[in-house]
Amino acid sequence: MKKPVVKRLSATLAVCVVGLAMAACSSGSKSGGGKVHLTFWTHTHPPMIALNKQLITEYEKANPNVTIDYQQIPNTDFNTKMLTSLSNGSGPDVINMDDVAIRGDYIPKNLLAPMDSAAQATAEGRYLPHTLDGATSADGKLYGLPTEFNATAFAINKAAFTKAGLDPAKPPKAWDDVAADGQKLIAAGQGGFNFLYLSAGQYTQQLQILLNETGGRIVSDDGKKATIAEPAGVQALELWNTLINKDKLGDPHSSTRDATDPFADFEAGKTSMTIMYPWGVGQIKQDNPATFKNMEVVPLPQVDPSKPSGRWYGYYMAVNKASKHQSEAWKFINYVTSQNQRWLTDVNFIQPVKDWASSPAAAKVPFLPVWQQAYQQGRFDEVAPHWAEVQDAIKTAIESTVLDGKSADSTLNQASDTINQSLAE
Amino acid sequence: MSTLAIRATTHRKLIGAAFAVPALALFGLFAIYPMVRVFYISLFDYDLTSSPRWVGFNNYEFLWHSEQFHQSLEATGFYLLFTYVPAVLLALLLAIGLDTKLPGSGFIRLLYFAPVAMSWVAISVIWRLLFQPDGLLNRVLGTHTTWLTSTKSAEWALVIASVWKETGLFLILFLAGLSKIPRDLREAASLDGAGPLRSFRYVTLPLLKPMTAVVCVMAVIRGCQSFSPQVVLTGGSFNTEVVNLYVYKTAFENARMGRASAVAVLLFFALLMVTMLQLRLFRSDDR
Amino acid sequence: MTRVLSRPAEVAAPPVEPARRRRRRVTVRAVVLYGLLLPGGLLFASVFVYAVLSALKPADEVLSTHWWPSRFVWSNFKLPFSTVPFARYYVNSVVVGVVVTLLNVVTCTLAGYSFSKFAYRGRTLLYLIVLATMMIPLEVIYVPLYALVFKLHWVNTFSGLIVPAGTSAFGILLMRQSIDGLPDEILDAARLDGAGETRILWRIVAPMMTAPMAALALVVFMTTWDSHLWPLLVGNDDNHKTLPVGLAAMQADNAGATGIPMLMAAAVMAVLPTLLLFCLLQKRFVEGITMSADIR
């Protein structure tokens with residue numbers, strides 16, 4: 001009885017050892033002898049990934065001595081993996097990251113390589129003013145080029161509006177209108193409106209939209225003190241709370257908490273209005289053509305329609321300071337960011353080059369005038385040291401108020417204390 | 001004792017010690033060394049991408065005053081108590097019932113084990129559906145609780161899902177422990193007039209002590225180091241940020257490795273004490 | 001050389017239970033099993049079954065609370081393969097899982113036996129240190145561990161995935177506690193018979209420890225199979241990524257509701273090896289151990 005077991009065991013072990021040996025020998029590839037090996041990490045967004053892969057193939061063909069290893073890492077894991085790799089002086093050569101991370105974390109921590117001044121001058125000549133601020137350091141050096149640049153708008157479900165007796169051609173302009181329209185929609189059995197309750201980052205971004213409109217700020221200009229509990233800040237949170245809990249435009253307890261699909265509720269008809277970004281249009285077009293057909297993108301509702309605002313955010317490709325192939329990395333980045341037309345048509349990513357709106361591909365961008373308008377009235381998000389902790393405090397405050405019923409004043413005061421603690425360290 | 005016998009003993013001790021070498025070698029390099037580094041880093045401010053900066057006991061001082069840290073300890077205590085006490089008791093009862101060769105028993109054991117086999121990432125999708133305000137759980141219970149989105153119920157939701165998922169693990173351990181208790185002993189006891197309860201209390205339970213010790217130690221450690229269910233079900237909101245989730249966020253999202261290490265060190269000492277206590281309590285006195 | 005060890009005298013010949021009482025005992029047991037534990041088990045597994053059914057649902061039915069799919073979409077099970085290198089991730093996970101499990105069973109049984117039955121100096125201290133390593137959460141350990149693995153050039157290799165997990169404090173705890181219950185007399189008797197230490201380990205101790213070893217194998221395999229953070233840090237390309245990392249990527253890649261059936265299909269396929277292992281090993285959990293052992 002023992003013999004067969006022993007035989008089987010040793011056989012399995014042998015197979016494993018051989019497998020191990022094979023695997024160990026075949027792993028990893030190194031640069032050397034004129035060959036350049038770049039690693040490129042991005043988050044996961046399927047249309048973007050597809051185009052990236054295509055562009056990589058083209059680049060490798062045009063530059064036969066270059067191989068590019070492209071890895072996609074889910075947003076939730078991105079920071080963990082990046083930090084751990086960077087802590088050993090390894091990590092990718094080229095990264096694609098959002099401006100808050102770049103301005104708030106990676107530039108201050110000296111992890112990125114700045115462009116040389118000639119390249120920077122060229123870039124500044126090429127892009128619309130201020131759109132490069134998302135990857136610019138406090139002392140004016142540029143660290144990346146944009147792959148996507150988003151302004152904030154609003155989307156409504158035309159069919160639902162019609163069913164509720166509303167005219168889709170007259171979308172809500174102020175949040176009060178959103179409330180009124182929302183209540184009519186709900187009375188007609190349609191979805192209303194809701195914010196998203198996903199990651200701490202998304203909570204903060206949505207509050208930032210409202211803060212831009214009320215004139216509030218999360219932290220002071222010098223990044224040293226929390227100002228979220230000041231009246232303009234409280235006004236923003238109370239607006240959120242009123243829309244959801246008093247006007248009852250949506251149920252925060254049953255809204256999707258699946259971070260991978262921010263538009264699930266809109267697509268399912270649980271909401272008929274939602275905050276929208278250009279990349280969202282592309283994603284809905286791909287995932288849910290029925291919703292896309294019914295969708296109309298309109299300007300973002302305002303607290304004061306005579307003083308419109310919105311938030312900007314962008315993703316930029318940047319170079320790791322520890323990279324051993326920085327010039328090649330920049331060459332690759334220049335190639336990827338030069339393909340503006342394809343980014344527009346294939347992925348609906350707007351790259352803010354000076355004449356993007358009049359380009360042939362732009363004509364095919366759905367809802368072009370709305371996006372053009374949105375770009376006039378936006379600004380980048382605030383950043384400060386330890387921003388992840390700040391975002392966490394904001395998330396707690398919003399959840400305590402909107403989901404747990406505590407007053408905006410008290411929750412924001414608590415958030416303020418927490419934020420001050422973080423900024424003090 | 002003759003020299004031969006003494007040498008035989010020493011020789012035996014050497015071989016015995018040698019048996020432990022493979023494990024100890026792996027431990028030394030891959031467990032002890034990193035552990036020592038963690039203790040060391042707890043005295044620094046380290047954000048992973050710049051050089052560590054000496055701060056002495058600052059991290060510990062911060063934790064002493066930190067509301068968030070205290071909250072996390074409370075959340076952990078709640079979770080540990082209400083998940084693992086029921087899970088262990090349930091596992092024991094199930095093990096006794098399932099320790100049989102009756103037809104179909106293997107299948108039934110599989111039913112209780114299945115929850116353990118699936119990863120939290122995957123099963124959280126289902127549990128989130130079940131916990132929806134209009135989901136199946138509310139329908140079955142006739143309630144309208146907002147399970148995952150309120151401070152009153154989020155902790156309980158986690159307990160429910162975790163008891164479901166953890167019981168099977170302890171079930172296996174108890175089954176393995178029971179299987180080593182000779183049937184003849186148990187049958188002999190019942191012949192002496194002992195009813196099933198007495199036979200359990202005076203025969204089975206004492207012989208199960210070693211395995212019970214393992215189960216209890218594992219339960220406390222798993223309870224204190226849990227964070228997957230919290231991440232996937234509530235993200236730590238609504239008072240469910242258990243201490244290990246606090247550690248993870250502090251280390252990787254807030255890039256404060258020094259502070260996270262300090263928490264780890266504190267947890268270490270707490271768990272060490274509890275484990276030593278447990279092992280002493282469960283020590284078999286019939287060696 | 002064939003020797004049969006004699007049973008300890010006390011349990012030489014157990015008295016025979018009267019048939020009627022045995023039958024009653026068996027009936028009670030059967031009632032409990034089929035009347036209580038079976039329904040309970042079905043309840044327990046129902047969530048799991050729900051997961052399996054979700055894998056077969058068409059995309060638009062996933063979020064509805066209807067239990068049963070309107071039609072069975074078996075093609076959902078092909079989706080993971082076309083979205084990510086699912087087969088490769090699976091193979092990677094199997095290789096890592098099997099090797100880590102084997103390493104653990106071997107090293108932990110050896111060490112557990114060593115700490116349990118040999119009285120050499122420092123063994124208590126060593127045992128305590130081993131246990132102590134369980135008390136620190138893995139997440140903080142991973143950062144210095146990654147630095148070490150990096151220095152060994154084991155990043156993105158199977159060695160990096162496997163070797164650091166080659167032994168576990170839990171395993172040593174389990175085996176030591178279990179071997180503690182082995183009567184010393186048996187071992188001493190074998191030594192008197194002239195058997196060498198390795199032989200005793202292989203022929204006497206191990207066969208009597210199949211239940212805890214099986215439990216250990218199952219737990220270690222399961223933990224390794226589901227481990228997400230370490231493979232995320234160590235695996236940099238598809239040849240070295242494991243299933244949980246792939247699952248997370250799959251979840252991130254695919255818009256919520258439409259992606260759920262695919263994710264559940266992937267999860268169901270991911271669960272199979274653990275369930276299979278359980279079925280193979282579970283006989284060991286309920287085997288009664290008799291007090292005699294043969295050396296053949």
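Helices here are DSSP runs of H or I with at least four residues, and strands are runs of E with at least two, both numbered from the N terminus. Counted that way, chain C has 13 helices and two strands. Keep in mind that this is a predicted model.

**Chain C by itself**

Let's start with how chain C is packed. It has 296 residues, and 58% of them count as buried. Take the contacts in chain C with a separation of 6 or more: 73% of those join residues 24 or more positions apart. As for the surface, chain C exposes about 12400 Å², with carbon and sulfur atoms supplying 66% of that.

One residue to look up is C:Ser116, which sits in helix α3 (residues 86–117) of chain C. Is C:Ser116 buried or exposed? Its relative accessibility is 5%, and the cut-off for buried is under 20%, so C:Ser116 counts as buried. C:Tyr90 is 26 residues away from C:Ser116 along the chain, and the C-alpha atoms of the two are separated by 37 Å.

Now for the interface. Between them, chain C and chain B bury about 9200 Å², and 78% of that is on carbon and sulfur atoms.

Helix α1 (residues 19–56) of chain C gives the most to the side that touches chain B, with 21 residues. By residue type, that side of chain C divides into 76 nonpolar, 18 polar and 14 charged.

| Side of the contact | Residues taken |
|---|---|
| Chain C | 108 residues |
| Chain B | 100 residues |

**A stop in chain A**

Over in chain A, have a look at A:His37, which is placed in strand β1 (residues 36–42). A:His37 has 18% relative accessibility; buried means under 20%, so A:His37 counts as buried too. Which side chain does the side chain of A:His37 make a polar contact with? The partner is the side chain of A:Thr67, at 3.0 Å.

Conventions: Residues are numbered from 1 along each chain as its sequence is written. Chains are lettered from A and ligands numbered from 1 in the order in which they are written. This is a predicted model: local features need pLDDT of at least 70, side-chain atom pairs count only at pLDDT 80 or more; totals for chains, interfaces and linings use all residues. Side-chain values use heavy atoms; hydrogens and water are left out. Contact means heavy atoms within 4.5 Å. Buried area is the accessible area (1.4 Å probe) that two parts lose on being put together, summed over both. Ala, Val, Leu, Ile, Met, Phe, Trp, Tyr, Cys and Pro count as nonpolar, Asp, Glu, Lys and Arg as charged, and the others, Gly among them, as polar. Buried means under 20% relative accessible area, exposed over 50%, partly exposed in between (1.4 Å probe, protein chains only). A polar contact is a pair of N or O atoms within 3.5 Å; within protein, one must be able to donate a hydrogen and the other to accept it, and residues adjacent in sequence count only if both atoms are side-chain atoms. Accessible areas come from the Shrake-Rupley method with a 1.4 Å probe; for residues, only the protein chains shown count as cover.
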